[in-house]
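Hi everyone, thanks for coming.

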Amino acid sequence: MNIIELRDNTLILVKAKKTKNLINVIESEIIELDDNYKVVFNNPDLSSKLVLSIRYFFNLDRDCLLCLSTSSIIYRDIVTPKTNEKYLKALVKHELINALNLSSDYLIDYSHIGEIQSDNVKQNKLLVTAIQTTLLNEILQFFTRSGIKIKKIDVSNNALVNYVYQNKLLNQTENSILVDITNKQMRQYLFENGQFSYHRNTKINLDNNDEKINYDIVIDAIEKMIQFSLAQGRIKTVHNIIFIGYPLSDDRLVDFGNDLKLNISKINTKDSIQSKSNDDTQLIYALSMLYKLRKKKNIDLMILYNTLNQKNDLVERINPAFMPSVAILTYIILTTLIILVIKTYDTNKSINEINAYLTQDEVLSKMFEITESQARSSKMNEILVEIDNIQGILDKMPRYNQTIINQLYSVKPEEVSVLSINYADSELEIEIETVDASLIYQYVTALKETNFFDEVVYDTYTRVKENGTYKSTLSINLKELE
């Protein structure tokens, strides 16, 4: 069987055969890419040499399995209730889209990787993965240009879980971290009680000439992985560190054990992989695709991709295939029916959603508050109208103020004295005194001519014998303000 593993800066090509208990590697090649695979695949000059290498390696046998090990792949481990696979698929998709705010352009698949017991209830433990459809399409188009036909697509995390489970690699009562090191990347996988929990990728840059620096880089990344795991409350301790890819000398294994105070070992592939290459540990992800799938649901992104393309092909095939008039009539009928169905469905759905929303206690409470607020607002508007009316009356009401006083005194003859001024109901009563009776009439005439008063009258005047003066009371009606 032919297998391809794609990493960010590496392409691994494998020809292998699976026997009952052993995978026999017939031939393998690891191609280091000068740049990220996205750049290489989309650059004709860079990809042409790679295409020739792929064609030459696989010759005429071009059916391949593809394992994606790139950083573009999204992984999550989640726990779900046991339910029908149909509902589980929708549940997983909803969970990942909402948790990571993914767009509709992602293909989402999952594998059963175990079970856990919570409150005496068994639950599914799933490994969920997602990749952008546009990105997967670019990858598949490149392999199509290379003459390769991809039959199945898995992801590295799921492939490693398959390898661990198939070969019963881990103790089921201990927590282990599998560490895969290359010159540019470290991938670490936590297994809790033998079951996969989560992974952590770290970009590194190992120095080919200084192993001490490399050791410090690696042990720092491992310590951070352990600290992160403990801080998350996932585990209380780590028991084992197992290296998959290991570019350091074996002497360093003892140093890791002394510094980390853990059981340190390199993965043993002799009982599972037969290979002439020294790179057999780097072939684990690709070769794991040859294992027979577990009975539970397993990841295969190719199935999802083909299903999506079939839907797109069906849409493209809805073109006039008969006579123009028949095709047009068919198109109109189908379009009308589709629109009616969609509108009816959308309308009913909207009505149900609105009714469900409006009957919620919180919504009803808010609606009551709004009604009360509107009633209070209406009452307030009525009060404001009344206030405006009152203010209008007040604005027009005659007033006794400094201006009126100034008018009273500005036209008063000098020989006339004002004894008192009384104001009531827009009317002034002024008691005056003078030595000349004719000045009373003169004063009344002057007040009328000011145009500040509606009416100025006096009944009579009386003579004060004691001092020979004349007194009179003037009645003055103030004008309404304009």
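Let's begin with a term: a crossing is left-handed if the near helix is turned anticlockwise from the far one by less than a right angle, and right-handed if clockwise. Helices here are DSSP runs (H or I, at least four residues), strands are runs of E of at least two, and both are numbered from the N terminus.

A word on the source: this is a predicted model, where local features need pLDDT of at least 70, side-chain atom pairs count only at pLDDT 80 or more, and totals for chains, interfaces and linings use all residues. Residues are numbered from 1 along each chain as its sequence is written, and side-chain values use heavy atoms, with hydrogens and water left out.

Now, the helices. How does α6 pass α7? The crossing is right-handed. On the α6 side, the contact (heavy atoms within 4.5 Å) is made by E211, K212, Y215, V218, I219, I222 and E223. Facing them from α7 are R252, D255, F256, D259 and L260.

What about class? Ala, Val, Leu, Ile, Met, Phe, Trp, Tyr, Cys and Pro count as nonpolar, Asp, Glu, Lys and Arg as charged, and the others, Gly among them, as polar. The α6 and α7 contact has six nonpolar and six charged residues, with no polar ones.

On to the second largest pocket. Which element gives the most to its lining? That is β6, with five residues. α3 (85-100), β6 (106-118) and α9 (301-317) each supply at least two. By class, this lining divides into eight nonpolar, four polar and five charged residues.
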